[in-house]
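This briefing is intended for a reader with the coordinates at hand.

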Amino acid sequence: EESQLLEDLLDKYLVRKDLVETSYGDPLTVNSPRSVMELIELVEIPPGSFFMGSTDANPDENPYIEIAIGAFKMMSKEVTFELWDKCALDRACSHIPQDNGGDRRSSPVVDIAYEDVTEDFIPWLNAQTELDFYLPSEAQWEYAARGGLQLEYPTDDGKLSASKANYNGDTPGFYNATGHSVAVGSYPANPYGLYDMGGNVW
């Protein structure tokens, strides 16, 4: 039973040479010269506390309470199609998302489900890097997004404009040229060095 489990793990996580076939027109990023670690930049988020939620009447943002957060690390940019495709080419990610005509290499991956991330991508990423990746909690995400300054919006200075975030990509020509997501890191980072915390993929 243990040997079968090991064989199943090896079959799932060892790098394979077989190319993944797609039934539609989105080609995988098969010629990526960069390694997995070259596609990941980790940022140190220091320990601290912040006020989570809002004093607004919206019940979805209540209660407004102070939360203490321990130190952790976070990827500075979203997962790109280039990184996701490495998982697919290794046959660890079974779902091959469509890029809807965007840049298959540098755009943030879209068209994925929670289970695709937690059951396929993160275990593969942990096996590839020998690190312990996980999705941040709501409190960790909001603390990191505010950049240690209790910012109203998760941008470089807490203000929101078309030059600081892609927050309405469904309006072509006004917020960005294509009306969709743009390459990760296209806008200024917040004070913690995190990009696109206020949009790009919604």
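In this predicted model, helix α2, spanning residues 81–89, is mostly covered, with nine of its nine residues buried.

**Helix α2 and its end**
- Just after α2, R91 adopts a positive phi of about 65°.

- One cavity of 30 Å³ or more is present in the structure.
- The space within the largest cavity amounts to about 40 Å³.
- Its lining consists of P154, T155, K164, A165, Y187, P188, A189, N190, L194, D196, M197 and G198.
- Classified by residue type, this lining comprises seven nonpolar, three polar and two charged residues.

**Overall architecture**
- The protein contains four helices and four strands, and their order along the sequence is α-β-β-β-β-α-α-α.
- Of the contacts with a separation of 6 or more, 66% join residues 24 or more positions apart.

**Burial and surface**
- Of the 202 residues in the protein, 40% are buried.
- The accessible surface totals about 11800 Å², and carbon and sulfur atoms contribute 52% of this area.

Key:
Residues numbered from 1 in each chain as written. Predicted model: local features only at pLDDT ≥ 70, side-chain atom pairs only at ≥ 80, totals over all residues. Heavy atoms only, no water. 1 Å grid on protein atoms, 1.4 Å probe; cavity = no way out; pocket = protein on both sides within 12 Å on 5 of 7 lines; lining within 4 Å. Points joined across faces, edges and corners; volume = space filled by probe spheres on them. Nonpolar A, V, L, I, M, F, W, Y, C, P; charged D, E, K, R; others polar. Helix = DSSP H or I, 4+ residues; strand = E, 2+ residues; numbered from the N terminus. Buried < 20%, exposed > 50% of the residue type's maximum accessible area, 1.4 Å probe, protein only. Contact = heavy atoms within 4.5 Å. Areas by Shrake-Rupley, 256 points an atom, 1.4 Å probe, with all protein chains shown as cover.
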